[in-house]
Amino acid sequence: MNELVTKIGAPEVITFGESMALLIAEGGKGLEYARSLEPSFGGAESNVAIGLARLGHASGWCGRLGNDPFGQRIMKSIRGEGVDVSRAELTEEAPTGLMIRENVAGKSSVYYYRKQSAASRMAPEHLDEEYIASAKILHVTGITPALGESCADTVAAAMDMAKRHGVKVSFDPNLRLKLWGVEEARKVLLPLAMKADYFLPGLDELKLLYETDSMDAILAKLDELPGASVIKGGENETYLYEKGKLTAVPYFKAEHVVDTVGAGDGFCAGFLAGLLREYSLEESVRLGNLIGSQVIQAVGDWEGLPSAAEIERLLAGKGHVER
C-alpha cells in the first residue's frame with residue numbers, strides 16, 4: 001500500500017445523514033441502574049466522514065441539526081475533526097435527535113429518541129448539486145431513508161445527482177430494524193443498491209434483504225447489481241464480490257474488543273480511503289478491515305478511529321511506544 005498522505009482541498013468524499021446526541025451508560029451497567037451517562041454523538045455518515053479526515057482525506061458531511069445545545073455541540077465536534085460542514089444546517093424547525101446506549105456483558109443496546117427530529121425533515125431541496133458534483137465519491141446509507149419518505153427521496157436524489165456528474169456512489173444499507181420492518185426496508189434499499197458503484201452490506205443484512213441463507217442465492221442476486229459488492233460480517237473475513245469472482249479478505253486480529261459499535265463505519269472509511277488512493281478493491285477492503293479492527297478497541301461510535309500515522313505504524317509492524 002502507498003503511504004497515507006494528507007489531502008487538502010474540496011471534499012473528496014461527501015456524505016449526509018442524521019447525527020444524534022449520544023448518551024452512554026458508564027460502568028458497564030444497564031440504563032436502569034447506571035448512575036451517570038457519558039455525552040458524545042454518533043451517526044453512521046458523520047462517523048465515516050471523521051474516519052476519512054483522520055486518514056488524511058478531505059471529507060464533507062451534510063445534515064440538519066436542531067439549533068440547540070446538542071446540535072451546536074455536534075456541529076462543532078465534526079468541524080473540529082477536520083470535516084467540512086459548510087452545507088450542514090442548524091435549524092429552529094425541530095430538535096436534534098438523541099440516542100442512549102448501554103453495553104452490558106458485551107452486548108450493546110441502543111434506544112432512539114429521533115421522531116420528528118431536524119434530520120427527519122431532510123428533503124431533496126436541501127441538497128447542493130454543485131457540491132456533490134465536486135466530489136469523487138458520494139457515500140450514503142440506508143439509515144437516512146428509514147427516517148421517512150422525504151429522507152428516502154433525498155438519498156435517491158443525491159445518488160442521481162452523483163451519477164449525472166460521474167461521481168462514484170458508495171452505499172451501506174445499514175439495516176436498522178428499530179426504525180422500520182424488513183419488508184418496508186427491502187422495497188427501498190434494494191432499488192438504491194442498483195444505483196451504487198460500491199454496495200457495502202453485512203452478510204446478515206443480505207440474508208434478510210434477499211430472504212435466503214444460501215450464499216449461492218445471495219451471490220446470484222449480487223450479480224444483478226451494476227457495481228462491486230463488499231460483504232461485511234463473515235466468520236473470519238470480509239468478502240469482495242465483483243464480476244462473478246468472490247475473494248475472502250481476512251480480518252485483522254483485535255487485541256482487546258471493548259465496543260463493537262462503529263466498526264462498520266470504520267470499515268467504510270478505510271475502504272473509501274483505499275479507493276481514493278487508487279488501491280485495488282482487495283487492498284481497499286484490507287485497509288477497511290484494519291480500520292474496523294481499531295475502532296472496536298475503544299468506547300464510542302467514532303472515538304477509536306485511527307489517524308493516518310497510527311495506520312502507517314500498524315502496517316509497518318511497529319508497536320506503541322509508551323515512553
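**Salt bridges and surroundings**

Analyst: The count of salt bridges comes to eleven, where a salt bridge is a side-chain nitrogen of Lys or Arg within 4 Å of a carboxyl oxygen of Asp or Glu. This is a predicted model, in which local features need pLDDT of at least 70 and side-chain atom pairs count only at pLDDT 80 or more, while totals for chains, interfaces and linings use all residues. Residues are numbered from 1 along each chain as its sequence is written, and side-chain values use heavy atoms, with hydrogens and water left out.

User: OK, which residue meets E89 in a salt bridge?

Analyst: The partner of E89 is R64, with an N to O distance of 3.2 Å between the side chains. E89 lies in strand β6 (residues 89-91) and R64 in strand β5 (residues 64-66), so this pair ties together parts that are 25 residues apart in sequence. Strands here are DSSP runs of E with at least two residues, helices are runs of H or I with at least four, and both are numbered from the N terminus.

User: And is R64 buried or exposed?

Analyst: R64 is buried, at a relative accessible area of 5%, whereas E89 counts as partly exposed at 31%. Buried means under 20% relative accessible area, exposed means over 50%, and partly exposed is in between, with a 1.4 Å probe and protein chains only.

User: Which residues are linked in a network of salt bridges?

Analyst: R64, E89 and E93 are linked in such a network.

User: What about K163, which residue does its side chain meet?

Analyst: The side chain of K163 meets that of D197 in a salt bridge, at 3.1 Å from N to O. Because K163 lies in helix α4 and D197 in the loop between α5 (182-193) and β11 (198-199), the pair ties together parts that are 34 residues apart in sequence. K163 counts as partly exposed at 40% relative accessibility, while D197 counts as buried at 15%.

User: One more pair, then: where do E211 and R186 lie?

Analyst: E211 lies in the loop between α6 (203-209) and α7 (215-222), and R186 lies in helix α5, so that pair ties together parts 25 residues apart in sequence. Their salt bridge has its closest N and O atoms 3.8 Å apart. E211 is exposed, with a relative accessible area of 61%, and R186 is buried, with 16%.

User: Switching topic, how many helices and strands are there in the chain?

Analyst: The chain has ten helices and 14 strands. Its radius of gyration is 19 Å, close to the 20 Å that the globule rule gives for 323 residues, so the chain is as compact as a globular protein of that length. The radius is taken over C-alpha atoms, and the rule is 2.2 Å times the number of residues to the power 0.38. Along the principal axes, the C-alpha atoms fill a box of roughly 50 × 50 × 45 Å.

User: And what share of the residues counts as buried?

Analyst: Of the 323 residues, 55% count as buried. As for contacts, meaning heavy atoms within 4.5 Å, residues 24 or more positions apart account for 71% of those with a separation of 6 or more.

User: Let's look at T154. Which residues is T154 in contact with?

Analyst: Leaving aside neighbours within four places in sequence, T154 is in contact with F16, M122, A123, P124 and L127. T154 is found in helix α4 (residues 149-164) and counts as buried, at 1% relative accessibility.

User: How about Q72, where is it found?

Analyst: Q72 is found in helix α2 (residues 69-80) and counts as partly exposed, at 32% relative accessibility. Not counting residues up to four places away in sequence, Q72 touches G66, N67 and L90. As a distance check, Q72 and I137 are 65 residues apart in sequence and 27 Å apart in space, C-alpha to C-alpha.

User: Last one, Y111: what does it touch?

Analyst: Y111 touches L31, L98, M99, I100, E102 and K178, with residues up to four places away in sequence not counted. The C-alpha atoms of Y111 and L98, which are 13 residues apart along the chain, are separated by 8.5 Å. Y111 lies in strand β8 (residues 107-113) and is partly exposed, with a relative accessible area of 33%.
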